[in-house]
Amino acid sequence: MNPQTHLAIDGYVDAIPAPGTGWGTARFDLIHSPADADRIAPDAPDTVYACTTGDPRIADVLLREIQPGDLLRVTGTVVQPDDPEAPAHLTVDGLEVLEAAPAPVLYDLVLERFGIYVVVFDADRDAVPVFTASGRWVGEAASPDAIGDLIEAHENGGTR
């Protein structure tokens, strides 16, 4: 049997937490960086903990509110598996959000609806493709400021 230790660990959520194997459970990976970076080798690896919880209240918070990059303090029981390459397993019985990750910024495509029209904003392009909500091509506005003119011309039977 592997030794078990009850402790508190601060770390960052690596990916969106996922539902566990049963009702009221969740699983996630926690990345723990060494506490005193000045006293360790610069290339010392972070520790990854494979975390699970069977507490429905904690699972609910994990699944609804926690995002990658959030800094958490979790308490629970740690068990190191027999395989030294495998991450330690932490059964979480307490959770505190120390710092929320900044809101993600979308750099890819963003769809926005203007009545029956859908426009596609691409951060890498000035031109803005415009379609009807049914998928019919309307045209491409030269810039976001020209979308209204393109839609008006389309409604009046013209093309641009």
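Against which strands do the buried residues of helix 1 pack? In this predicted model, they pack against strand 3 (26-32), strand 4 (47-53) and strand 6 (88-99).

The chain contains two helices and ten strands. Read from the N terminus, the elements follow the order β-β-β-β-α-β-β-β-β-β-β-α. Of the 160 residues of the chain, 31% count as buried. Among the contacts with a separation of 6 or more, 45% are made by residues 24 or more positions apart.

Helix 1 comprises residues 56-65, and its buried residues are Ile 58, Ala 59 and Leu 62. These residues lie on the same side of helix 1, because they cover an arc of only 100 degrees around the axis. The opposite aspect of helix 1, the face turned away from its buried side, carries the exposed residues Arg 57 and Arg 64. At the N-terminal end, helix 1 is capped by Asp 55, of which a side-chain oxygen lies 2.8 Å from the backbone nitrogen of Arg 57.

The backbone nitrogen of Asp 55 lies 3.2 Å from a polar atom of the side chain of Thr 53, a residue of strand 4. Thr 53 counts as buried, because its relative accessibility is 3%, the cut-off for buried residues being under 20%. Neighbours within four places in sequence being set aside, Thr 53 is in contact with Gly 24, Thr 25, Ala 26, Ile 58, Ala 59, Leu 62 and Val 92. This set includes Ile 58, Ala 59 and Leu 62, the buried residues of helix 1.

Cys 51 is a further residue of strand 4. It is buried, with a relative accessible area of 1%. With neighbours within four places in sequence again left aside, the contacts of Cys 51 are Ala 26, Arg 27, Phe 28, Leu 30, Leu 90 and Val 92. The C-alpha atoms of Cys 51 and Ala 88 are separated by 8.4 Å, although the two residues are 37 residues apart along the chain.

In the hairpin of strand 2 and strand 3, six residues lie between the strands, and Gly 24 adopts a positive phi near 75 degrees.

A separate group of elements is found later in the sequence. Four strands form an open sheet in the order 7-8-9-10, with antiparallel pairing. Strand 7 (109-114) and strand 10 (137-141) are its edge strands, each pairing on one side only. On average, neighbouring strands of this sheet are turned by 25 degrees against each other, direction ignored. Strand 7 is joined by six bridges to strand 8 (residues 117-122), and the two run antiparallel. Phe 114 stands opposite Tyr 117 of strand 8.

Helix 2 (residues 147-155) lies across strand 7, strand 8, strand 9 (128-132) and strand 10. Its direction makes an angle of about 150 degrees with strand 10.

The count of aromatic pairs comes to one. The rings of Phe 131 and Trp 137 have centres 5.0 Å apart and planes at 70 degrees, so the pair is edge-to-face, a class that requires planes over 60 degrees apart. Phe 131 counts as partly exposed, at 27% relative accessibility. Trp 137 also counts as partly exposed, with a value of 47%.

Technical notes. Residues are numbered from 1 along each chain as its sequence is written. This is a predicted model: local features need pLDDT of at least 70, side-chain atom pairs count only at pLDDT 80 or more; totals for chains, interfaces and linings use all residues. Side-chain values use heavy atoms; hydrogens and water are left out. Two strands pair if DSSP finds at least two bridges between them. Axes are lines fitted to C-alpha atoms, for helices over the stretch in contact, and angles run from 0 to 180 degrees between N-to-C directions. Contact means heavy atoms within 4.5 Å. Buried means under 20% relative accessible area, exposed over 50%, partly exposed in between (1.4 Å probe, protein chains only). The arc is that of the directions from the helix axis to the C-beta atoms. A polar contact is a pair of N or O atoms within 3.5 Å; within protein, one must be able to donate a hydrogen and the other to accept it, and residues adjacent in sequence count only if both atoms are side-chain atoms. Rings of Phe, Tyr and Trp (its six-membered ring) pair if their centres lie within 6.5 Å; planes under 30 degrees apart count as stacked, over 60 as edge-to-face and the rest as tilted.
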